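This report walks through one structure, site by site. Look over the sequence and the model before reading on.

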Amino acid sequence: MSVTSLAEKWVDEAAALTRPSEVVWCDGSEAEYDGLVETMLRDGTLLTLNPRTYPGCYLHRSHPQDVARTEQLTFICSRERGDAGPTNNWMAPAEAKTKAGALFRSGMRGRTMWAIPYLMGPAGSPMSRVGLMVTDSAYVVASMHIMTRVGPAAIRQMRGDDDFVAGLHSLGDLSPDRRLILHFPEEKLIWSVGSGYGGNALLGKKCHALRIASAQALREGWLAEHMLIIGVEDPEGRVTYLAAAMPSASGKTNLAMVVSRLPGWRAWTLGDDIAWMHVDSTGQLRAINPERGFFGVAPNTSPKTNPNGTAMVRSNTIFTNVALTPAGEPWWEGLTPEAPAGVVDWQGRPWRPGDGPAAHPNSRFTVLCQQCPSIAPNWEDPQGVPISGIIFGSRRSNVIPLVFEGFDWTHGVFLGSAMSTETTAAITGKVGVVRRDPMAMIPFCGYNMADYFAHWLATGRRLAAPPRIFRVNWFRRDADGRFLWPGYGENMRVLKWMVERIRGTARTEETPIGWVPAPGALDTDGLDLPPERLREALRCDAAEWLQALGDLGEFYDQFGARLPAPIAEKLAEARRHFGG
Ligand code: OXD
Ligand code: MN
């Protein structure tokens with residue numbers, strides 16, 4: 001394996017700053033993974049799970065103050081504050097390097113520093129990109145093995161000496177007081193210190209594949225999105241590919257692996273979190289999944305909610321912060337209706353029902369994509385898959401109907417930009433608070449969100465036949481707080497309507513917010529759902545919308561003149577429709 005002199009120089013500089021006792025270049029081999037696991041079993045970083053029922057599976061318990069992404073400590077360090085925009089934390093590059101430099105300085109003394117060349121995307125794909133990260137965490141190295149393609153595959157893909165995103169990571173002392181997650185989009189550089197949590201520490205994922213890649217995508221004319229990719233196969237065997245943006249811990253993994261409740265229809269999984277999308281020479285939008293594994297939320301993953309997800313984590317999986325049964329098996333809320341007796345919680349403490357969650361609400365599994373029973377045969381196609389529909393979905397108890405479709409690309413981009421959602425345990429802070437989350441990218445857009453909306457609008461102009469854009473909300477509730485739509489495998493009914501819209505056969509009704517399924521157009525055959533509940537799930541309430549559009553106006557105001565005019569016009573149009 002030979003790396004460029006620039007890559008070597010950068011690793012040398014990282015070592016000069018952090019002073020590790022040794023530097024090890026990773027080759028991505030199985031032997032390397034096994035060695036890392038052995039070391040971590042010895043020092044207690046990993047525990048072996050039941051080798052008979054969960055072969056090759058391990059449990060990692062993280063520091064109790066390091067269990068989720070910390071957005072308040074995450075910064076975009078562009079030269080100009082305006083290029084980070086009002087929705088990102090910003091720090092001047094020099095100040096960021098001074099602050100974090102003090103935390104990195106000699107921070108790896110007595111530790112090993114691993115240098116990990118990694119590839120985001122299938123080998124040989126023109127859409128794939130290379131990263132080079134260093135870390136002092138064996139857990140991060142093992143997780144990178146699963147989540148990315150480590151080693152020679154990455155180096156082979158470099159298009160020039162400096163064709164890599166550089167990432168400096170150190171656990172530091174794991175204190176949130178000395179934690180910083182810094183992104184320097186103009187330098188293709190990431191500095192992350194003080195956390196070993198996936199979203200903060202596996203730098204290929206949120207830091208590279210979303211924050212840095214989104215800024216790179218703006219410069220190069222593509223899209224880096226917080227989206228799953230799914231192929232929907234109809235009874236005739238025709239597959240339609242969709243990409244769906246949904247906020248963290250809001251059902252992307254479940255939808256990506258959905259087992260259809262509709263006879264004859266099935267779904268193929270291509271990715272559950274990130275999509276990189278390019279416009280090809282014919283004007284077709286094509287997507288790849290830059291990742292190689294899933295880093296999914298464990299709680300509420302069960303044979304009912306996600307049979308494929310439950311099956312794939314029965315071997316070769318690293319679990320983080322789940323509970324442990326006396327049989328040495330992982331357990332989390334929702335896996336079975338009752339917890340087995342004698343469970344210890346995610347911190348290893350004896351647990352009894354009533355003690356609060358046994359597994360941390362943001363506990364995770366890390367597993368190779370190829371272990372998913374529904375993984376698409378073409379999921380690593382270097383050319384990606386053609387995207388015919390884009391879904392924007394969020395978690396809202398009210399206001400947002402189950403499904404509707406934008407009138408055209410511009411209107412669809414407006415719907416994406418208008419997204420709001422209830423927060424989840426994937427982020428440190430309060431759960432269930434409504435916040436604005438355009439395209440599910442609020443924590444992940446590496447540049448000014450107004451420019452991001454403009455980039456989406458401009459991308460539409462390059463598409464021969466822009467994908468249809470849909471808005472969904474599986475989470476709407478009735479007055480008693482019960483979900484109006486059964487969700488999970490039944491969501492295939494909604495996907496079927498989308499496929500029929502794409503083919504031009506589905507019946508719709510025009511409403512001020514977009515196209516809604518006409519009565520009877522959504523296939524409810526065999527579904528025990530009273531028609532009035534479906535009507536309620538699809539209802540658009542003018543008063544609620546007017547209020548929501550007022551809040552949206554306030555959100556847009558912070559972008560000032562940078563907000564693209566077509567987005568402001570769509571808001572004004574919607575307000576007029578509702579008499580505002
Ligand atoms: C994730 C997240 O881990 O969005 O995917 O937080
Ligand atoms: Mn995510």
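## Terms and ground rules

A residue is buried when its relative accessible area is under 20%, exposed when it is over 50%, and partly exposed in between, using a 1.4 Å probe and protein chains only. By that rule Asn200 is buried, because its relative accessible area is 2%.

The model is predicted: local features need pLDDT of at least 70, side-chain atom pairs count only at pLDDT 80 or more, and totals for chains, interfaces and linings use all residues. Residues are numbered from 1 along each chain as its sequence is written, chains are lettered from A and ligands numbered from 1 in the order in which they are written, and side-chain values use heavy atoms, leaving out hydrogens and water.

## Asn200 and its contact

Asn200 sits in helix α7 (residues 198-201). Helices (H or I, at least four residues) and strands (E, at least two) are DSSP runs, numbered from the N terminus. The side chain of Asn200 makes a polar contact with the side chain of Thr70, at 3.4 Å. A polar contact is a pair of N or O atoms within 3.5 Å; within protein, one must be able to donate a hydrogen and the other to accept it, and residues adjacent in sequence count only if both atoms are side-chain atoms.

## The manganese site

Which protein atoms are donors of the manganese ion (ligand 2)? They are Lys206 (NZ), His226 (NE2) and Asp273 (OD), lying 2.2 Å from the ion. Donors are N, O and S atoms within 2.8 Å of the metal (3.2 Å for Na, K and Ca); water is not among the atoms, so sites may look incomplete. The donor residues follow the spacing K-x19-H-x46-D.

Lys206 and His226 link distant parts of the chain, 20 residues apart. Lys206 belongs to helix α8 (residues 204-220). His226 lies in the loop between β11 (223-225) and β12 (227-233). Lys206 has 5% relative accessibility, so it counts as buried. His226 is buried too, with a relative accessible area of 0%.

## Around ligand 1

Oxygen atoms of ligand 1 come to side-chain N or O atoms of Ser248 at 2.5 Å, Arg69 at 2.9 Å and Asp273 at 3.2 Å. Taken alone, ligand 1 exposes 210 Å², and the protein buries 95% of that.

Helix α12 (residues 449-461) has 13 residues and reaches 19 Å between its first and last C-alpha, close to the expected 18 Å. The expected span is 1.5 Å times one less than the number of residues. At its start, a side-chain oxygen of Asn448 comes to within 2.9 Å of the backbone nitrogen of Ala450. The buried residues of α12 include Phe453, Trp456 and Leu457.

Helix α13 (residues 491-503) is mostly covered, with eleven of its 13 residues buried. Among them are Arg493, Trp497 and Glu500. Just after α13, Gly504 takes a positive phi of about 85°.

Definitions and conventions
Areas by Shrake-Rupley, 256 points an atom, 1.4 Å probe, with all protein chains shown as cover.
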